[in-house]
Amino acid sequence: MEGLAGEEPRVVRLVRGGPALVEGPVRIVAEDGEEVESDRFVVAICRCRRSERYPLCDTGHRRPRRDPR
Ligand code: FES
């Protein structure tokens, strides 16, 4: 299977209860239009929305959730 540019498709790995791991470099466009770039070899994209560095994962998904009162 080939991508648009004739390259292999980019691999995205979903971590159970955690981020989506994407081969970098990437440019992420958030819902509000903010763009975040990362040139890391693998970029962890937050799926839980608990990251203080959203849309990038800061491992906040590992912290216990606050008890909603
Ligand atoms: S997935 Fe890691 S902080 Fe959200």
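In β5, Glu 23 finds its bridge partner, and that partner is Val 42. Please keep this pair in view, as it belongs to a predicted model. The strand β2, residues 20-23, and the strand β5 run antiparallel and are joined by four bridges.

Let us now turn to the sheet itself. In what order do the three strands of the open sheet stand? The order is β1-β2-β5, and the pairing is antiparallel. Strands β1 (12-14) and β5 (42-45) are at the edges; each has a single partner strand, and therefore one side of each has no neighbour in the sheet. On average, neighbouring strands of this sheet are turned by 25° against each other, with direction ignored.

I continue with the peptide bonds. Which form does the bond from Gly 24 to Pro 25 take, cis or trans? That bond is cis, and its omega is near 0°. Pro 25 has its place in the loop between β2 and β3 (26-29). A cis bond also leads from Tyr 54 to Pro 55, with omega near 15°. Pro 55 is found in the segment after β5.

Arg 49, in the segment after β5, has a phi near 65°, a positive value in a residue other than glycine. Is Arg 49 buried or exposed? Within 10 Å there are 9 other C-beta atoms, and the limit for an exposed residue is 12 or fewer, so Arg 49 is exposed. Thr 59 also lies in the segment after β5, and its phi, near 70°, is positive as well. Thr 59 has 13 other C-beta atoms within 10 Å, and it is therefore partly exposed.

How values were computed: Residues are numbered from 1 along each chain as its sequence is written. This is a predicted model: local features need pLDDT of at least 70, side-chain atom pairs count only at pLDDT 80 or more; totals for chains, interfaces and linings use all residues. Two strands pair if DSSP finds at least two bridges between them. Helices (H or I, at least four residues) and strands (E, at least two) are DSSP runs, numbered from the N terminus. Axes are lines fitted to C-alpha atoms, for helices over the stretch in contact, and angles run from 0 to 180 degrees between N-to-C directions. A residue is buried if 20 or more other C-beta atoms lie within 10 Å of its own, exposed if 12 or fewer, and partly exposed in between; C-beta atoms are placed from the backbone.
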